[in-house]
Amino acid sequence: MTDQDTNTPEILTDSEEEQNARTGLVLPHQALPDKLYLIPVSNRPFFPAQVQPLVFSTQEWGETLHRVGQSPHKAVGLSFVGRIPGNEITPDDFPRVGCVVKIHNIVSDNDQVQFIALGMQRFKIRQWLRRRPPYLVQVEYMEPPEDNSDEVKAYALALIQAIKELIPLNPLYSEELKNYLNRFNPRDPSPLADFAAAITTAPGQELQEVLETITVQRRMEKVLVLIRKEQEVARLQSEITDEVNRKISNHQREFFLKEQLKVIQKELGISKDDRTAEIEQFQQRLAKLSVPEAAKRKIDDELQKFSILETGSPEYAVCRNYLDWATSVPWGLFSRDNLDLPHARTVLNSDHDGLDDVKNRIIEFLAVGAYRKEIAGSIMLLVGPPGVGKTSIGKSVAKALDRKFYRFSLGGMRDEAEIKGHRRTYIGALPGKLVQAFKEVEVSNPVIMLDEIDKIGASFRGDPASALLEVLDPEQNAEFLDHYLDMRIDLSKVLFICTANQLDTIPGPLLDRMDVIRLSGYITEEKVAIARNHLWPKQLQKGGLAKSQLRLSDSVLRKIIDGYARESGVRHLEKLLQKIIRKVVVKFLENDENKLTVTAKNLEDFLGAPYFRPEKTMAGVGVVTGLAWTAMGGATLPVEACLIHRQKPGFKLTGKLGEVMKESAEISYSYAVSHAKKFAIPEDFLTTAFIHLHVPEGATPKDGPSAGITMTTALISLALGIQPLKNMAMTGELTLTGKVLPVGGIREKVIAARRQGIVTLVLPEDNRRDFDELPEYIREGITVHFAREYKDVYKVAFPEN
């Protein structure tokens, strides 16, 4: 067969192969045949100095091994092909160099065949005789040239020393060394290099390079590198094994010592299991408490049941959790109240600027408690716009009384179990928030704040607002029943402080149980004081700045408040101050500065253009300024009346008015028409005129019963053609008979008028008391006229008529 035939398809028939295998492959004087059957190996190449059992698939290589077993020489070639499935291997995947082995002890077991391979010599494929299994090739054997140089001897000694160092690290190597010494002379360098390579765990491709290296010295250089790597791997493995064994040994030692300790304690009668220890813990808690008799009996029953339950029982954990909660309630434990009124006033003044009326109301409440020597059964409701300090006032009350403080929000709460607890039958059941509060504060008379009580919800799980009726009723909360504990708990010593933005969404029965304290918005002077004394130092501290590094004058604060933060509270003002701090810190870091003063000129560099521009009060014939109350505080509300034509009488309303405000407009129109002679209005004007009444800012919804006299004045001004008194605002409801009815939100409305620079106000006579209760600094500079009937309003609005 010529070299050209090497890549041609298989040309030998099975009969020719059989004849060659039986006669042509082996001659009596030959040790190894020149024609070999090939079997691929996937893990690593086989070396001449190696003895190892191998396992192959009978389906794929059974025929090849059968033919080898029938041959006299029992030799087969092993070639490393890597991780390629047997049915996908092609002749091109076989390397040129492999190892011929003698096979011994062939054993077939179902679909596998096993034998012991004895490595003999390297071979090189010269020609393919069969290119499909069973593969048959013509080979030549590669004997390394004899080399007795000093370099080779030195490498051999290095390899022997490396193998000696490797054997103590892994005892398996010693067995392989014994097999090697039984077959080879330890001074023979070629099999020594092959043996050293065979005992390493190097990758198959690196070992194939060693197999293909014929020169002994070059081969030993490669093997020495591999054996050194193997030493490092074996050393690390040994260290890991020692560490694991040491940890296991320590754990075993601790286990045995603990078991011995348990036996000793049992012999001495001092041993306790987990259940006994927990029962003692619960009893120790109860010994410090004054538990009511009914609750004591129930806890004792649970302790008795707990003592006989198996620790692996599901009921065990349920009973244990119940006892943990029941003994964590501070039965009979009370903190001592500080009833010193000067101390309370000092605390309130230090924590809050402004709100003098609110502080006085709280001092009055505390004074009653001080006189009785007890503060109990009290529920306060703080109502006001966002950011006016409702929550912080509650904290100050607790601080003034030296009581523990606990707050939780009712906003969005839809499950009454949050208040009264879950029944114990449910998985993951817990007590209500009030029991949880008791456990945390560890006293039975804390200050508990129920935040956002106006935003409480209801769902199919129940109505939390109804559940609060029992909590916030001084006549009932002395025997509040928590569903989880199923025991009566005394809430009568708790001081409840609730907060809300508005009263409309609070159920009537719940509102009836609370003492309402209104917190109005702050005027500019109060905001400046709050910013200077509280907000600005707080933000400087958060930003890590000293007062000397960043200066902000009161005039700049006033400009910030007037131009950027006109809302009733100070929350947005605080955010603006945070924004200034952030931008200043950026400037410090980028420009390597450490001092800056915020002035009116550079304020817009930090906050941008002002949100609010200076507003001018609208004036003219048929234009009157009213006053309104919103959840965000007070606001001015101009009302315009305009004559459209006099062809047909009519009345048109615009400005997105609510139902109540539309009714006020219709009453105003009816009153003006019916009393035209009284106010010298031309007889034919209101009976022939088509009038359009508009409240500006049409996108904003408006409603409420406080614009009656304002609309009437605008209509009369239009009819008379006379401009009302300048710089005047009014609020009040009007009846068809001309009576002026009282309205709410007087403080907020006066503050809004003051903010607009209005100096003359018209208020209902019945609101005189509300105005007189305002602080002097709010009333200062404002002239107020009180009206019982509309004629009193008319005299103020049209003084010359």
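Tutor: Let us begin with a group of rings: Tyr671, Phe679, Tyr790, Tyr794 and Phe798 form one aromatic cluster. The model is predicted, so local features need pLDDT of at least 70 and side-chain atom pairs count only at pLDDT 80 or more, while totals for chains, interfaces and linings use all residues. Residues are numbered from 1 along each chain as its sequence is written, and side-chain values use heavy atoms, with hydrogens and water left out.

Student: Why is the pair of Phe679 and Tyr790 called edge-to-face?

Tutor: The centres of Phe679 and Tyr790 are 5.6 Å apart and the planes stand at 90 degrees. The distance is within 6.5 Å and the angle is over 60, so the pair is edge-to-face. Phe679 lies in the loop between helix H22 (659-674) and helix H23 (685-688), and Tyr790 lies in helix H28 (residues 790-797), 111 residues apart. Helices here are DSSP runs (H or I, at least four residues) and strands likewise (E, at least two), numbered from the N terminus.

Student: How do you know whether Phe679 and Tyr790 are buried or exposed?

Tutor: Buried means under 20% relative accessible area, exposed over 50%, and partly exposed in between (1.4 Å probe, protein chains only). Phe679 has 3% and Tyr790 has 0%, so Phe679 is buried and Tyr790 is buried.

Student: What makes the pair of Phe679 and Tyr794 tilted?

Tutor: For Phe679 and Tyr794 the centres are 4.7 Å apart and the planes 40 degrees. Phe679 is in the loop between H22 and H23 and Tyr794 in helix H28, so the pair ties together parts that are 115 residues apart in sequence.

Student: Why is H24 called oblique to H28?

Tutor: Helix H24 (residues 708-720) and H28 pack at about 55 degrees, with their axes 11 Å apart. Axes are lines fitted to C-alpha atoms, for helices over the stretch in contact, and angles run from 0 to 180 degrees between N-to-C directions. Angles under 35 degrees count as roughly parallel, over 145 as roughly antiparallel, 65 to 115 as roughly perpendicular and the rest as oblique; therefore H24 is oblique to H28. The contact (heavy atoms within 4.5 Å) includes Ile709 and Thr712 of H24 and Tyr790 and Tyr794 of H28.

Student: Which term describes the packing of H22 and H24, and why?

Tutor: H22 and H24 pack at about 45 degrees, with axes 8 Å apart. Among the contacting residues are Tyr671 of H22 and Thr712 of H24.

Student: How do you know that Arg424 sits over the ring of Tyr322?

Tutor: A charge sits over a ring if NZ of Lys or CZ of Arg is within 6 Å of the ring centre and within 35 degrees of the ring normal. Arg424 lies over the face of Tyr322, at 3.9 Å from the ring centre, and Lys439 lies over the face of Trp325, at 4.2 Å.

Student: What makes Asp486 partly exposed?

Tutor: Asp486 has 43% relative accessibility, so it counts as partly exposed.

Conventions:
Phe/Tyr/Trp six-rings, centres within 6.5 Å; stacked < 30°, edge-to-face > 60°.
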